[in-house]
Amino acid sequence: RAQLGRVGRAQRERRRPHCTPDLCSEVVLSSPALKMAEASASSTSKRKPLKVDIGCLTEKNVGQLKKLNLATFPVTYQEQFYNLLWKNLEYCRLGYYADSVVSAICCRIEDRPQGGKALYIMTLSVLTPYQRRGIASQLVKWAIEKAESEERKCDEVQEIYLNVQTSNESALTFYKSFGFEITETIPNYYVRISPPDCHVLRKSLNGGIVSPPGDSERKELE
């Protein structure tokens with residue numbers, strides 16, 4: 001769960017030879033999801049599961065999402081990040097427990113060269129006291145079910161994906177439990193962390209075919 005907030009700034013950066021400031025800022029959005037599963041998947045202790053109420057992101061509660069991000073991530077997300085969320089509200093949700101925001105998932109829809117759309121997990125966060133309680137699983141399940149619902153059939157989502165550092169076995173285990181599979185490995189994806197390589201994990205949705213190896217890197221370099 002984004003290491004639930006302990007991902008360093010370096011891990012949020014992507015080395016890209018040709019990119020605009022906007023594209024570079026989007027790289028910062030991707031890495032939190034990569035290690036979201038670490039705390040829960042690595043724990044061997046049993047903790048009582050908690051059921052969260054899932055609510056929409058609005059202008060009235062975006063301040064709570066900002067506070068959650070400040071509490072769980074070591075970097076401050078700029079307004080660029082939140083502006084991007086307004087374009088993807090159908091796939092951004094807050095998780096409430098006892099009327100308090102304790103978790104969130106933010107995804108975005110992307111075009112695919114071969115047709116159809118891909119759903120990319122940007123961030124997934126859970127406050128420390130609520131980790132290892134099944135909350136992140138509820139949010140990932142929600143995103144998958146949303147993309148496959150009759151209501152969102154118009155989005156033509158063919159797959160869901162994210163990037164995971166190759167050494168993050170707990171995150172890999174977590175996402176594989178949902179049917180994600182490693183489709184490619186990108187060397188030197190991260191800067192100033194070791195190992196710098198990442199796996200791309202994808203899961204087919206709505207009977208679609210996942211993107212071929214190499215598509216992720218080409219997209220990042222546009």
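Residues are numbered from 1 along each chain as its sequence is written. Because the model is predicted, local features need pLDDT of at least 70 and side-chain atom pairs count only at pLDDT 80 or more, while totals for chains, interfaces and linings use all residues; side-chain values use heavy atoms, without hydrogens and water.

Start with confidence. pLDDT is the predictor's confidence in each residue, from 0 to 100. The protein chain has a mean pLDDT of 80, with 74% of its residues at 70 or more. Helices (H or I, at least four residues) and strands (E, at least two) are DSSP runs, numbered from the N terminus. Confidence is highest in strand E2 (residues 92–97), at a mean of 98. It is lowest in helix H1 (residues 21–30), at 30.

Two segments call for care. Over residues 34–44, pLDDT stays under 50.

Now the cysteines. A disulfide is a pair of cysteine sulfur atoms within 2.5 Å. The count is zero. Buried means under 20% relative accessible area, exposed over 50%, partly exposed in between (1.4 Å probe, protein chains only). Cys-92 is buried because its relative accessibility is 1%. Cys-154, at 56%, is exposed.

Last, strand E6 (residues 181–186) contains Ile-186. Ile-186 is buried, at 1% relative accessibility. Its C-alpha atom lies 8.3 Å from that of Gly-214, 28 residues apart along the chain.

Key: Contact = heavy atoms within 4.5 Å.
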